[in-house]
Amino acid sequence: MNAKLGAKPFDSTRIIRLIGGLLFLYLFLGFMLLPCLSTLTSIFTAKDASGKTDPLAVIRFFLAGNMGKYVLNSLKLAVLLVITVNLVGISIVLLTEYFDIKGARILRLGYMTTMIYSGVALVTGYMFLYAGDGILTTALKNAFPGFSSKWFSGFNAVLFTMTFACTSNHMLFLRNAIRGIDYNTVEAARNMGASPFKVLFKVVFPTLLPTLFSLTVMVFITGLCAMSAPTLLGYDSINPEIVRLAGSSTADEAFPQARAALLSIILAAFTIVLLTVLSRYERKGHYLSVSKTKAKLQKQKITNPIANVLAHIYAYLLFIIYMTPVVMIVVFSFRSWESVKARSLSKGGWTLLNFFGSQDYQYQAASGKMKVREGAITGVFANKDTLGGIQTSFILSVIAAALACVIVVIACNYIFKNKQKKRSVLVEYALLFPWLLPTILICYSYRVFFNSDSVWYVFGQNLYYGDRVRILIVIAYMVVKLPFSLRMIKASFYTIDEELEDAAKNLGAGPLKTFIQVKLPIILPSVLAVFALNFNALFTEYDMSATFNSAHGRTYAMIIQSMVQDEGMSYTNLNASGRRCASTVFIMIVSGLILYLVYGVGARDLSERLVSREKRRQLARKLKGLFVKKEKVNDP
Amino acid sequence: MIQMKDIVVKFDDFTALHKINVQVNEGEFFTFLGPSGCGKTTTLRTLTGFITPTEGRVFVRDRDITDVPIEKRNIGIVFQSYALFPTMTVYDNIAFGLKIKKLKKPEIDQKVRTIAKKVDLSDEQLAKAVSQLSGGQQQRVAIARALVTEPDIICLDEPLSNLDAKLRVQLREELKKMQREFGITSIYVTHDQEEALTLSDRIAVFNKGVIEQIGTPNDIYNHSATEFVCNFIGDINRLSDQVVRRLIDGGAKLDPKWHHYIRLERVHVNETPKGGAQTLRGRVESREYYGLYIKYYIDLGSQIIKVMERNDGVHIYDPGETVQVNIDPGDLMSYAPAGEEGQS
């Protein structure tokens, strides 16, 4: 017999564990493995014109037809994005963190704007400026009548937009990496006669390589899986094609579903290979500072005056590119309908109409008579569709973000309690599994697999039918967010001192009480942060809801996208541009608030909270004192 | 009061404890001392209930508690890291165990404030987060939390190991004072022999899962039962075969095959030999100045012997100086080599 660590007699926790295990298995097999496997098999079960199953039909079609074009286009975008995003991303980090550039703080704020608006909001923002009817294009057309209004479309537009949209990770991770460099190594190199640029290439860059490699892989995958920019700007890449094929029928073209499946499997294969390469590279280890007394990095002055001026010009040029859409969107979100419609500040006035309230629309009918459509010009919170989209996105995102956190917290608690056991490794791998799959594959698989009455483990219900699609969206959102939640929450579990659990046990607390009263409060800030970040990402999410493409699951991002698509068509979507601007501002406020709550308020520990509570009390006492004094003065 | 009988703890193929037998008296300050991995913490965890022994029984006041759950053993623990709950205030940390016991609020409040007073924690400190306290204050909170539930025994698992040297000495004294005040039976785990010697009424020295010796600090230091104990406790000189031979030639009755040790302070320099002390000639190789004492490294030809002399400000010897080294064979601790039985 061996010694038992904290041995306890048989109790109800074993039953709870069993139920939890079965639920977990249900989730993994039913909503991760089976739908994706079904997608994979559908490629080889396509039927030819005679109704016979032809396992290689889709492959032959792929090789013979133009399907390869979508893959090549996506690869082209991914490869070029790696170059452009790294160029811009490394530049903005060096300009704000490494080189001494005047006004770096303001520049940093500008470069970080993509952290508060991304995806559809960002693309439509860029379109508001650069598209055929955009502010800049309109101004250029007015100045140069021969200027093509379609200059901002297709591949170049996608590449341009995504280049600036995808630098958020550089601002987060590369910035941290560069700030972690031991300044003594820079000083040592300078002391040995190296010029600032030599130091940059020989000392600084090698230490940043692991981070840069990770970022490069992530950018490549982002490019490969791009959805909103190609859809809105018109570029034939894999994801928009999958969505198109998923909505097509065999009456229109040859086995569209199987082709969509093949394309999503190709995406998955690329993702798996890239992530495997990345994890192998990460396992090799990083360049760790061996310094015992790390010195803080000091900004490097560019000694060559010409290089210094050029660097400043480049920095501010990038700042203008980053800031112009933001400024324009914010400004125009407060402009009247006439001003937004004309893309001009000289017409109309300032208003809150794009956010709240409505206005009548006057127009001249074919008969020549002036007619009025009452309340046709609406703001974000007065427009039924937009409000519905916000509501749908809000509810689905809150539920999914919360579920992902709950599942991961329970799983992490299990993983840490069973550290040495193989089954805890299995649980961890199962939760990381969706990381290997492009979101589009998961959503496409759900759309096809659950669009049936014969899935027994969901009680034969067609989950793609009607409002039930919302359940599918919630599950898809949740599944997609599991790997990120696991990585973040697991890290917070490491901060729990193992002796705390022993201490609680010694003081008489059972496992549940220990978890709720001791462990959960420690990890709660991280859990809430993960919840907020998950919500932030899902609230404006477009790719997944577009893949489901259901009228019953029209999310906020889909509504924003429709504001671009329908605008101007017989004025059916009046003031869509105004609402688009206001929506982007609303998203910026929500994201900004969440980031502040996560990194500002949420990062405070108990001592900081107690200090601020004391400050609030003191202020309240002061105010009360003033009030009492006043009362006394007033009292005759 | 505590009796651990024939305790064996096995983890798969590894035996962590081999038939441990310990008896601790009521009110005693008892220390488990030994190097890392010797089994002292495993013994403590067996006593507190975190580990169920493979063999043997644990008794407290003649009651067999081997199968009693952790929370029902009424043993308070002060952990190495203090294990203070970082999301709770000092007050809530101390009150945690009382709340679990579902005591009424006024009673909890009264108990928390009483114990806080005893360990010198102010009302202001009770309202603070534990991270706002110094290391010493945190230790007092940990002690208060362990004592507030009025346990029969308090176990302290290396509570001073994370502190700097100065604070360690200061808290050591406070700890002893507190233990005397509360009069509670205390089990202290440490790898620091100085801590063990200064704090304990009795010490159990552990090595490789067995207890080498149980005794008072004086027994352990001056009458080390085994060669391991004698080496582990304090600084010591093992005499070379040549030095032993010279002592035998001078009339000492020593077995040349055995290992002979002498404490640094038992060797004297340039003193008139007392009793049966024998004199050897040596040359000062180097010296270390400690203020109250001076440590000399003296070359006896066949070995460098360490000597700790009281600093009287007059008799200070420089490196290179020839000195007389006095060793009394009666001060030696001698052990038979491994495989042979015996100790003298």
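In chain B, five strands form an open sheet in the order β14-β18-β15-β16-β17, with antiparallel pairing. The strands β14 (268–269) and β17 (304–310) of chain B stand at the edges with a single partner strand each, so one side of each lacks a neighbour in the sheet. Strands (E, at least two residues) and helices (H or I, at least four) are DSSP runs numbered from the N terminus, and two strands count as paired if DSSP finds at least two bridges between them. The model is predicted: local features need pLDDT of at least 70, side-chain atom pairs count only at pLDDT 80 or more, and totals for chains, interfaces and linings use all residues. Residues are numbered from 1 along each chain as its sequence is written, while chains are lettered from A and ligands numbered from 1 in the order in which they are written.

Within this sheet, strand β15 (residues 278–289) of chain B is joined to strand β16 (residues 293–299) of chain B by six bridges, and the two run antiparallel. Ser286(B) has Tyr297(B) as its bridge partner in β16(B), and Glu288(B) has Lys295(B). Three residues lie between β15(B) and β16(B) in their hairpin, where Gly291(B) in the turn has a positive phi of about 90°.

Chain B as a whole contains ten helices and 19 strands. Its C-alpha trace spans about 75 × 45 × 30 Å along the principal axes. Of its 344 residues, 40% are buried; a residue is called buried if 20 or more other C-beta atoms, placed from the backbone, lie within 10 Å of its own, exposed if 12 or fewer do, and partly exposed in between. Chain B is divided into domain 1 (2–232) and domain 2 (236–335), the bounds coming from an automatic or database domain assignment. The centres of these two domains, taken over C-alpha atoms, are separated by 39 Å. Five residues from domain 1 of chain B and five residues from domain 2 of chain B make up the contact, where two residues are in contact if their C-beta atoms, placed from the backbone, lie within 7 Å.

Chain A is assigned domain 1 (66–233 + 305–333), domain 2 (337–378), domain 3 (382–603) and domain 4 (604–636). Its average pLDDT, the predictor's confidence in each residue from 0 to 100, is 87, and 94% of the residues score at least 70. Among the elements of chain A, helix α14 (residues 305–333) has the highest mean pLDDT (95) and strand β1 (residues 4–5) the lowest (54). Chain A also has a hairpin, formed by β2(A) and β3(A) with five residues between them, in whose turn Gly368(A) has a positive phi of about 95°.

Two helices of chain A show contrasting patterns of burial. In helix α2 (residues 57–64) of chain A, the residues Ala57(A), Val58(A) and Phe62(A) are buried. Viewed down the axis of α2(A), these buried residues fall within an arc of 135° (taken from the directions from the helix axis to the C-beta atoms), so they line one face of the helix. The face turned away carries the exposed residues Arg60(A), Leu63(A) and Ala64(A). An α-helix has 3.6 residues a turn, so residues three or four places apart point the same way. By contrast, helix α20 (residues 498–506) of chain A has seven of its nine residues buried, so it is largely enclosed by the rest of the structure. The buried residues of α20(A) pack against α21 (511–539) of chain A together with α1 (40–48) and β7 (75–78) of chain B.

The interior can be described through nonpolar cores, sets of buried Ala, Val, Leu, Ile, Met, Phe, Trp, Tyr and Cys residues joined through C-beta atoms within 7 Å. The largest has 161 residues, and those with the most contacts inside it are Val408(A), Leu472(A), Ala476(A) and Tyr477(A). A second, separate core of 94 residues includes Phe30(B), Ala129(B), Ile143(B) and Leu247(B).
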